[in-house]
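Biologist: I would like to go through this model with you. Could we begin with the packing and then turn to the metal site?

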Amino acid sequence: MYLVKSPLLLKWYYPSLVWNKTRTDKVIYLTFDDGPIPDVTDFVLKTLKTFNAKATFFCIGDNIIKHPAVFERVVGAGHQLANHTYNHLKGWKTDDQTYIENIQLCQQLTQSHLFRPPYGRIKKSQVKRIKTLYPKIQIIMWDVLSGDFDLELSPENCYKNVIKHTNNGSIIVFHDSIKAFERLQYTLPRALKYFQQQGFTFATL
Ligand SMILES: [Zn+2]
């Protein structure tokens, strides 16, 4: 069970996290979680290039080590790297020390000012530890979850989710993962085309 639009209650409970950017400008922030993955990430890079769009990649450290050439292509294309832990840990089920060490491992590879907790699940104590260790890091959530990871969701409905819920300053979550690929392949080029026609530009966080 997941919500396409982030609920206000969560935003209120975690005010120090970033849920969206300014609503005044026609800018969208595309984010891709869980890569780098051969073929899937390359598809994303190719599609972004077609639309002259820059995006933010929340990489899993373990995938960077497994697929260094793909990672280098993300870096080479000028996209923003971001930390998504080394082993995609669930914050609610992980003790704070283990969680922080896993972020540090990934941070050695990404050197980023951005972190997103896997599954969007993080304890307040972990938020505090991160902010103490890395005072400049921003913890990035989202306001639009594409649902591309949902095997029950049709590609067309994934596309409609994204179109319906995106506003100025939206942070949209996609996944460059094998599981998401079918819906991602369908949705990403269509959504980019639609938003471009609407006058939006695409920026990194
Ligand atoms: Zn993830």
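Biologist: Which residues does Leu48 touch, not counting residues up to four places away in sequence?

Modeller: Leu48 touches Leu30, Phe32, Ala53, Ala55, Phe57, His79 and Leu192, where contact means heavy atoms within 4.5 Å. Please note that this is a predicted model, in which local features need pLDDT of at least 70 and side-chain atom pairs count only at pLDDT 80 or more, while totals for chains, interfaces and linings use all residues. Residues are numbered from 1 along each chain as its sequence is written, and side-chain values use heavy atoms, with hydrogens and water left out.

Biologist: Which residues touch the most other members of the largest nonpolar core?

Modeller: Leu48 is among them, together with Leu30, Phe32, Phe57, Leu184 and Phe195, in a core of 32 residues. A nonpolar core is a set of buried Ala, Val, Leu, Ile, Met, Phe, Trp, Tyr and Cys residues joined through side-chain atoms within 4.5 Å. Buried means under 20% relative accessible area, exposed over 50%, and partly exposed in between, with a 1.4 Å probe and protein chains only.

Biologist: And which element gives the most to this core?

Modeller: That is α8, with six residues. Helices (H or I, at least four residues) and strands (E, at least two) are DSSP runs, numbered from the N terminus. There is also a second, separate core of 26 residues, including Leu89 and Trp142.

Biologist: At what angle do α2 and α8 pack?

Modeller: The angle is about 5 degrees, and the axes are 10 Å apart. Axes are lines fitted to C-alpha atoms, for helices over the stretch in contact, and angles run from 0 to 180 degrees between N-to-C directions. The two helices α2 and α8 are therefore roughly parallel, a term for angles under 35 degrees. Phe43 and Leu48 of α2 are among the residues making the contact, as are Leu184 and Leu192 of α8.

Biologist: Turning to the metal, which residues coordinate the zinc ion?

Modeller: Asp34 (OD), His84 (NE2) and His88 (NE2) do so, at 2.0 to 2.1 Å. Donors are N, O and S atoms within 2.8 Å of the metal (3.2 Å for Na, K and Ca); water is not among the atoms, so sites may look incomplete. Asp34 lies in the loop between β1 and α2, and His84 in the loop between β3 and α5, so the pair ties together parts that are 50 residues apart in sequence.

Biologist: Is Asp34 buried or exposed?

Modeller: Asp34 is buried, at a relative accessible area of 14%. His84 is buried too, at 1%.

Conventions: Parallel < 35°, antiparallel > 145°, perpendicular 65-115°, else oblique.
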